[in-house]
Amino acid sequence: LGVGPTLRDGKLVIAGTHDDQGTTRATREVTALHFQSFAADLEVGEEHRGDAGLMLAIETRQGRQTWFFKLFRDREGNLVYHWKQGAKEERQQLGRRLTPGLPARVAFELDREPSTPVLTLRLNDEVIYSEPTAVLKSAAGSLVYGAYVETSNALPVDASLDNVSVIYAKP
């Protein structure tokens with residue numbers, strides 16, 4: 001798509017212009033059963049013209065997503081979360097906007113103590129989602145986490161991550 005992730009002044013940056021519709025991701029993976037949390041400061045630039053956000057996904061070895069959860073700023077500047085597992089999915093506008101050029105702290109935290117693990121999503125330390133997430137109890141494969149930008153056409157993208165924190169442990 002003509003855009004790749006780079007490091008600038010210690011930040012992960014995805015910026016440029018997509019050649020066509022599509023998604024650019026910067027991700028890492030961990031064994032799904034070992035994941036505990038992923039947090040970062042997300043900043044979306046003034047020129048960005050698509051979705052930009054952070055994501056978790058369970059992927060097979062062939063790269064197929066069996067579950068995902070995303071928090072993103074849409075093209076209009078609204079904050080949205082979206083999760084999907086098979087035919088089940090939920091997409092929710094949060095009634096908030098992410099100001100261009102102003103970072104927001106996003107954290108995905110997984111509490112494995114209850115019989116069904118609870119996934120909590122925080123925005124600037126405020127809980128905006130917290131629900132049992134059965135798929136993470138005994139998930140096979142890898143849990144992929146990271147940042148992404150997505151456009152519906154050849155459009156400019158500009159997003160960055162800073163102060164990234166990842167916690168994982170063997171159960």
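The model is predicted, so local features need pLDDT of at least 70 and side-chain atom pairs count only at pLDDT 80 or more, while totals for chains, interfaces and linings use all residues. Residues are numbered from 1 along each chain as its sequence is written, and side-chain values use heavy atoms, with hydrogens and water left out.

**The sheet**

Select the strands β1, β2, β13, β4, β9, β10 and β11: in the order β1-β2-β13-β4-β9-β10-β11 they form an open sheet of 7 strands with antiparallel pairing. Strands here are DSSP runs of E, at least two residues, numbered from the N terminus; two of them pair if DSSP finds at least two bridges between them. Next, colour the edge strands, β1 (5-8) and β11 (126-132), each of which pairs on one side only. From one strand to the next, the twist averages 25°, an angle between lines fitted to C-alpha atoms that runs from 0 to 180 degrees between N-to-C directions.

Now select residues 35-44 and 156-168. These are β4 and β13, which pair in the antiparallel sense over 8 bridges. Show D41 as well: its bridge partner in β13 is D162.

**H18**

Go to H18, in the loop between β2 (11-17) and β3 (22-31). H18 counts as buried because its relative accessibility is 1%; buried means under 20% relative accessible area, exposed over 50%, and partly exposed in between, with a 1.4 Å probe and protein chains only.

**E126**

Move to E126 in strand β11. At 39% relative accessibility, E126 counts as partly exposed. Leaving aside residues up to four places away in sequence, E126 touches R96 and L121, where contact means heavy atoms within 4.5 Å. Select S37 too: its C-alpha atom is separated by 15 Å from that of E126, 89 residues apart along the chain.

**The largest pocket**

Finish by selecting L12, A26, T27, R28 and L161, the closest to the centre of the largest pocket among its 17 lining residues. β13 gives the most to this lining, with 5 residues.

Technical notes: Helix = DSSP H or I, 4+ residues; strand = E, 2+ residues; numbered from the N terminus. 1 Å grid on protein atoms, 1.4 Å probe; cavity = no way out; pocket = protein on both sides within 12 Å on 5 of 7 lines; lining within 4 Å.
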